[in-house]
Amino acid sequence: MLQAALAAGTAQRRAVFELFPRRLPEGRRYGVVGGVGRALDAIERFRFDDEVLGVLDEGGVVDEQTLAWLADHEFTGDVWGYPEGEVYLPYSPLVVVEGTFAEAVLLETVLLSIYNHDSAIASAASRMTWAADGRPCIEMGSRRTHEEAAVAAARAAYVAGFETTSNLAARHRHGIPTAGTSAHSFTLLHDTERDAFTAQVTSLGRGTTLLVDTYDIGEAVRTAVEVAGPELGAVRIDSGDLGLLAHQVRAQLDSLGATETKIVVTSDLDEYAIASLAAAPVDGYGVGTQLVTGSGHPTSGFVYKLVAREGDDGELVPVAKKSKDKGSVGGRKYALRRRNAAGVAEAEVVGIGTPPVDDGDDRELLVPLVRDGVVVGREPLAASRERHLAARDELPVQARMLSRGEPVIPTVHLD
């Protein structure tokens, strides 16, 4: 597209692209925006160095005019978007990119890759942390996805309320708190379970978490308290009927005087399993596979479409795709969250061409992210975490329901 537009003389036309979802994953009531910070980093780094240009040249991928353009390329346009952690609905204009057609069209794949993945993880994580109802969730999915996706997933999960991650690269790159437990292999390494527990407590202290389901759980809990004393930090259960076992282990710990020892459960948990354990004496959840695969929805289904271009008179002209079931809404978008006097969200209001009018209780959703090619919207993850909790709390109570349903509020377009 770039080569053909350069040859046709249309590559420098002013253009507006929009990244948006046509729908939520089936049955979901809301989604969560993830990956904004990573996308801003990607825009800043989006350059074509000599090595890359050489690959394009040697393979005959593009012509000399295009190679010369790419050699000098850096994004100089503007980007607005929903900030990280914000809730979104169908047709929410999550990202608005304005620049020349050439520079804006090049961002399509990188933006879709980041937003589709990270928002899928954040959306699943939000449902899980809401189901956990204040009990901490630990991200433990690194062994179930690509090594780079694992770091991104830990970041997205943290935005949506997870307390910690087992991924140390996420701690290094993003400052996310880390936590973890030993695996069954550590117990099996030693001659006895007591030897394994003794080694772990001696090295890591009484506040460590001991894995108690390698052999017999009742015997393991008894041994764990004998080795660590009542100051034992926690025990982890990774198999069996987690609810029933949690009740049994809690009673046993209390009878042994370890009343402050916590119980952490793992084993392919998702939001439904977490919700089913609400009445069990569980103190924390370790979540892996279901989180990093979006709990059944590993992508968010976002698309990136041209919605306006420069006309012959220099003004922006709305354009839209009319394909059956894959249409788009033309025109540059603005958005606000319509709320009632009590602060409860009622609708996603999207203005076309002009911003919708705030009636006094509403909240604007698009914020500047890049201005004249310079990133202006970078923020700490703590701010994204706080934003998500606030945005989620203003949704109607039906948003908490895990049963399949329609989007919790409608999206309204205003011409």
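**Helix α12 and its surroundings**

The buried residues of α12 pack against α11, β9 (234–237) and β10 (262–265). This is a predicted model, in which local features need pLDDT of at least 70 and side-chain atom pairs count only at pLDDT 80 or more, while totals for chains, interfaces and linings use all residues. Residues are numbered from 1 along each chain as its sequence is written, and side-chain values use heavy atoms, with hydrogens and water left out.

Helices (H or I, at least four residues) and strands (E, at least two) are DSSP runs, numbered from the N terminus. Buried means under 20% relative accessible area, exposed over 50%, partly exposed in between (1.4 Å probe, protein chains only). In α12, the buried set includes Leu 242, Leu 245, Val 249 and Arg 250. The end C-alpha atoms of α12 are 20 Å apart, which agrees with the 20 Å that its 14 residues should span at 1.5 Å a residue. The expected span is 1.5 Å times one less than the number of residues. Gly 257 follows α12, with a positive phi near 85 degrees.

Now the partner helix. Ile 217, Gly 218, Val 221, Arg 222 and Val 225 of α11 meet Leu 245, Val 249, Gln 252 and Leu 253 of α12. Contact means heavy atoms within 4.5 Å.

Turn to strand β1 (residues 14–21), where Arg 14 lies. Arg 14 counts as partly exposed because its relative accessibility is 29%. Beyond its neighbours within four places in sequence, Arg 14 is in contact with residues including Asp 78, Glu 98, Glu 310 and Leu 316. The C-alpha atoms of Arg 14 and Pro 90 are separated by 26 Å, and the two residues are 76 residues apart along the chain.
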